[in-house]
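This briefing is meant to be read with the chain open in a viewer. It takes up a few selected places, grouped by topic.

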Amino acid sequence: MGGLENGATNNQNSSPTTTKPTKTSLSPDSMINLDQGDPTLFEPYWRKMGDKCTLVIEGCDLMSYFSDISNICWFLQPQLGDAIKRLHRVVGNAVTEDRHVVVGTGSTQLLMAALYALSSPADRHPVSLVAAAPFYSGYKDQAEFLRSGLYKWEGDAHTFEKDGPYIEVVTSPNNPDGAMREAVVNRGEGKLVYDLAYYWPQYTPITQPLDLDIMLFTFSKCTGHAGSRIGWALVKDKEVARKMTEYMQISSIGVSKESQIRAAKILGVLGEGCRTADSENFFEYSHSILKERWERLRNVVKNSRVFSLPKYPRDYCNFTGKYMDSSPAFAWLHSKEDIDWESRLREHKIIARSGERFGASPKYVRISMFSPPEAFNLFLERLSAIIDNTTGNVVT
């Protein structure tokens, strides 16, 4: 799931009011924030694109609420819908034929729209909402925020035994641990929503185009443009797409057209770069950065008998045409020590997110791999200092 995640703390070295991030100048005593999934790491690539992504919007443009009244999602700009389908065909990660595209203000809003569409006011009891632990920490917060009578957060899908209808959110690759996921509960009254925010070639091998009823994607994790607040759903059922659009209409009367046409332009440039041999492919560029970071982190952790990281199977990627390793957006760091590692890391001026937020043990923490280079380097230095290379004990 994309967006500034619930509970995240703003980076102390950047301001949300500026158009460009402030360059960091970290001291050895600086607190480094690795809690957020803010993908500004990819900014240098888009800066190199120069005017290719530039748009001019005149004062008389985009004034109407409506984009295409013949479409179920009547506020979807046609050029964005076309760009989304073209990119999925180029990458090969999702089936778009005979699908309805519903645009939202990030995939967070789209998840709420899907829950609205899949539940019924006529039911006597709210429909159960589950996800397999470790699950994205925002699901519980989002489900409980409005205290809706339509659905109720029931936690871990692995332990869910309640009778009746349910909705399971399947996140693949998973946030926080990067694992590829399938549904867990698998009962007749269940409905599934697939959060595929990270099913792009910079994070994981693309093994097949997924053909699922409701698939959520986000501009922020596809290209790094989190500030545009654009997400989209590929929806098979017409009535579900209609109800999701109804939710968007009631909650925000559509989605910013300026953001939509910017997303359409950038997705078009991205797709063209994938097809053109003489241009630098964004997915290969971003994968190379994440791969290098993972290699450096594993080199530090391998010296410890306390910390461990997940291992991911090497697989063939249909997009790149070669075998490749996964390089997830987050590191799911586990400790054998029976202590609260979020608090311990904070003592060493590292802000991470506790495994408890994800329905797991506090012996886990989630580390963002998106941090600025200077912050990531300092994190590795501090993690190396925490690990005693001789005995594997933790330096306190």
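The structure is a predicted model, in which local features need pLDDT of at least 70 and side-chain atom pairs count only at pLDDT 80 or more, while totals for chains, interfaces and linings use all residues. Residues are numbered from 1 along each chain as its sequence is written, and side-chain values use heavy atoms, with hydrogens and water left out. Helices (H or I, at least four residues) and strands (E, at least two) are DSSP runs, numbered from the N terminus.

**Strand pairing**

- Strand 5 (residues 166–171) and strand 6 (residues 190–195) run parallel and are joined by 6 bridges; two strands are taken to pair if DSSP finds at least two bridges between them.
- Within this pairing, I167 has K191 of strand 6 as its bridge partner.
- Strand 6 also pairs in the parallel sense with strand 7 (residues 214–218), over 2 bridges, and here D195 has L216 in strand 7 as its bridge partner.

**Two buried positions**

- R99 is placed in the loop between helix 2 (78–91) and strand 2 (100–104), and with a relative accessible area of 9% it is buried (buried means under 20% relative accessible area, exposed over 50%, and partly exposed in between, with a 1.4 Å probe and protein chains only).
- Leaving aside neighbours within four places in sequence, R99 is in contact (heavy atoms within 4.5 Å) with K85, D211, L212, M215, L234, V235 and K236.
- L383 belongs to helix 10 (residues 373–386) and is buried, with a relative accessible area of 0%.
- Residues up to four places away in sequence not being counted, L383 touches L297, V300, V301, F307 and L333.
- The C-alpha atoms of L383 and K349 are 11 Å apart in space, and the two residues are 34 apart in sequence.

**Cysteines**

- The count of disulfides is 0, where a disulfide is a pair of cysteine sulfur atoms within 2.5 Å.
- C73 counts as buried at 1% relative accessibility, and C317 counts as buried at 0%.

**Aromatic rings and charges**

- The model has 27 aromatic pairs, counted for rings of Phe, Tyr and Trp (its six-membered ring) whose centres lie within 6.5 Å; planes under 30 degrees apart count as stacked, over 60 as edge-to-face and the rest as tilted.
- One of these pairs is Y116 with Y247, which is tilted because the ring centres are 5.8 Å apart and the planes stand at 45°.
- Y116 lies in helix 3 (residues 106–118) and Y247 in helix 6 (residues 238–252), so the pair ties together parts that are 131 residues apart in sequence.
- The rings of W332 and F358 form an edge-to-face pair, because their centres are 5.4 Å apart and their planes are at 85°.
- W332 lies in strand 12 (residues 330–335) and F358 in the loop between strand 14 (353–354) and strand 15 (364–368), so that distant parts of the chain, 26 residues apart, are linked.
- W332 is buried at a relative accessible area of 6%, and F358 is buried at 0%.
- The charged end of K243 sits over the ring of Y116, 5.3 Å from its centre, the rule being that NZ of Lys or CZ of Arg is within 6 Å of the ring centre and within 35 degrees of the ring normal.
- The charged end of R293 sits over the ring of F376, 4.5 Å from its centre.
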